Each structure stands twice: as C-alpha cells, then as structure tokens.
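Biologist: I would like to learn how to read a model like this one, feature by feature. Could you walk me through it?

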Amino acid sequence: MTLLDLSAYLGLGAVGAATITLLLGLLIALRYSPVRNWPHRRINIFAIHQWTSYATVVLTLLHPAVLLFLHTPVFRVVDILWPIHSPLQPKLNFAGAIALYLLVIVLLTSLLRHPIGRPLWKRLHFLAFPAAALLFLHSFLTDPNLKDGHPDLLDGGKVFVAGAFLVCLAASLARLRIRGKGLRPLALPKV
Ligand code: HEM
C-alpha cells in the first residue's frame, strides 16, 4: 500500500465515521428511543455518537497528515493547515480543511456544552451540516492519485462517498419534515 492509498483510505474512513455521527445525531435530535422503537434494546446512542465523532475528527486529521511524508508532490505543513496554495486542487483541499476546522469546533464545543450553555452549543452544533457538505464536496471531487485533477467518479471510493452523501441528505430532509414532532409516540387524547 502506498502513502497515497493510505491517505485515501483514511479519508474514506472519515466520510464513513462522519456519516454515522450525523445519522446518530439526527436520531438523538428526533428523540429516537431504541427501547421504544426497533431493535427494542437498551443502546446508548449518545455514547456511540460521541465516540464516532472522535473517530471522525481523528481520521480527518490523519488523512492529510500522511501527505507530509510524500516525496512528490511536496506538501508543507502550511499546505495541510491552510491549503489555499497547496500543490494540485488547492480550492478543493481548502474546502476539506474548512470542514475539518468546523468539525473541531463542533467537537470542542460539545465537550464544553455545560459551561457554554445549551442554546449557544446547539447553534454551534448546526455547523455539523456545512462541515458535512464541504467534506462530501472535497471527498467526491478530489483526484486520489494527485495526478490531473480528474478523478474517476465511478471508482468504488467515489460511489461510497456519493451513497453516503445521499443517505445524509435524505436523513437531514426527513429531520426538517418531522421537526418539532420527532419520533415520540403521539399522546393519546384525554377522556
Ligand atoms: C464531529 C463531531 C460531531 C458531529 C458532526 C455531530 C453531528 C450532530 C448532528 C448532525 C446532530 C443533529 C442536530 C440536529 O439536527 O438538531 C447532532 C445532535 C446531537 N449531538 Fe452531535 N455531533 C458531533 C459531536 C458531538 C459530541 C462530541 C457530543 C457530546 C459530547 C454531541 C452531542 C449531541 C447531542 C446531545 C445531540 C442532540 C441535540 C438535541 O437534543 O437536539 N455531538 N450531532
């Protein structure tokens, strides 16, 4: 496995972890209960959401960090942290870096949600959606071979990213539709 393969696999892992984190977050926001609903078992969705969010940030950090060890093209630390002048596809790399920074804000403010208070935390948590949009944009359009900037969009990795994007889009639209009501059972009318 080459360093480029490793970087690509870490990036795909980040997309997978971000997708699971987003879907679990939407379930929590909709007050989904795995005891009341399927699979009728006690599952701590909150803890899984928290752990997959750590995995998302760690994988999103490692994915570009591997590029520092490439001989050609040469990526400097600044090309990873602020890749506006990075070799090849600088705009797409910049979109990926902004996604990473937004994810770090969402994660850190979640860990500080008690001191900062729920209303501000919740508003900052919505940054997860633009972060996911930039992550999908970056991972779908970048050339994993760092060659001509024209990726094969029918490659397995790109199909995986497109599928993950469609699932997240459908779940986010469904969340908008049932906002307020959530997945709680309807209250019985008082007699
Ligand atoms: C990469 C980091 C994270 C991402 C991308 C993420 C994403 C999301 C998303 C998309 C939602 C649904 C928001 C909505 O539609 O209302 C959500 C909800 C939630 N997240 Fe996260 N999250 C992350 C980290 C965390 C962490 C670290 C915690 C806690 C320590 C946390 C706690 C929660 C809670 C409690 C909710 C439910 C909010 C409610 O009650 O409406 N999240 N998350």
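Modeller: Gladly! Let us begin at the ligand: a polar side-chain atom of Lys 122 lies 2.4 Å from one of the ligand's oxygen atoms. Please keep in mind that this is a predicted model.

Biologist: How many residues are around the ligand, and which come nearest?

Modeller: There are 24 residues around the ligand, and His 49, Arg 118, Lys 122, His 125 and Arg 175 come nearest. Sorted by class, the shell holds 12 nonpolar, seven polar and five charged residues.

Biologist: Which helix gives the most to that shell?

Modeller: That is H1, with six residues. At least two shell residues each come from H1, helix H2 (45-65), helix H4 (90-111), helix H6 (118-125) and helix H7 (128-141).

Biologist: Let me pick His 49 from that list. Where does His 49 lie, and is His 49 buried or exposed?

Modeller: His 49 lies in helix H2. The cut-off for buried is under 20% relative accessible area, so His 49, at 14% relative accessibility, counts as buried. The side chain of His 49 also reaches the backbone nitrogen of Gly 25, at 3.4 Å.

Biologist: Why does Arg 31 count as partly exposed?

Modeller: Because its relative accessibility is 36%, and partly exposed covers the range between the buried limit, under 20%, and the exposed limit, over 50%. Gln 89 also has a positive phi, of about 45°, although it is not a glycine. Gln 89 lies in the loop between H3 and H4 and, at 15% relative accessibility, counts as buried.

Biologist: And which peptide bonds are cis?

Modeller: The bond from Trp 38 to Pro 39 is cis, with omega near 5°, and Pro 39 is found in the loop between H1 and H2. A cis peptide bond also joins Thr 72 and Pro 73, with omega about -10°; Pro 73 lies in the loop between H2 and H3.

Biologist: What is there to see on the surface?

Modeller: A nonpolar patch, with about 1,200 Å² of accessible area together; its residues include Met 1, Leu 68, Phe 69, Val 77, Trp 82 and Tyr 101. Helix H1 (3-29) and helix H3 (77-81) each supply at least two of the patch residues, and Val 77 has its place in helix H3.

Biologist: To finish, how many helices and strands does the protein chain have?

Modeller: Eight helices and zero strands. The C-alpha trace spans about 75 × 40 × 25 Å along its principal axes, and buried residues make up 36% of the 191 residues in the chain.

How values were computed. Residues are numbered from 1 along each chain as its sequence is written. This is a predicted model: local features need pLDDT of at least 70, side-chain atom pairs count only at pLDDT 80 or more; totals for chains, interfaces and linings use all residues. Side-chain values use heavy atoms; hydrogens and water are left out. Patches are made of residues with over 30% relative accessible area and no salt bridge: like charges are joined within 9 Å, nonpolar side chains (Val, Leu, Ile, Met, Phe, Trp, Tyr) within 5 Å. Accessible areas come from the Shrake-Rupley method with a 1.4 Å probe; for residues, only the protein chains shown count as cover. A salt bridge is a side-chain nitrogen of Lys or Arg within 4 Å of a carboxyl oxygen of Asp or Glu. Helices (H or I, at least four residues) and strands (E, at least two) are DSSP runs, numbered from the N terminus. A residue is near a molecule or strand if one of its heavy atoms lies within 4 Å of it. A polar contact is a pair of N or O atoms within 3.5 Å; within protein, one must be able to donate a hydrogen and the other to accept it, and residues adjacent in sequence count only if both atoms are side-chain atoms. Ala, Val, Leu, Ile, Met, Phe, Trp, Tyr, Cys and Pro count as nonpolar, Asp, Glu, Lys and Arg as charged, and the others, Gly among them, as polar. Buried means under 20% relative accessible area, exposed over 50%, partly exposed in between (1.4 Å probe, protein chains only).
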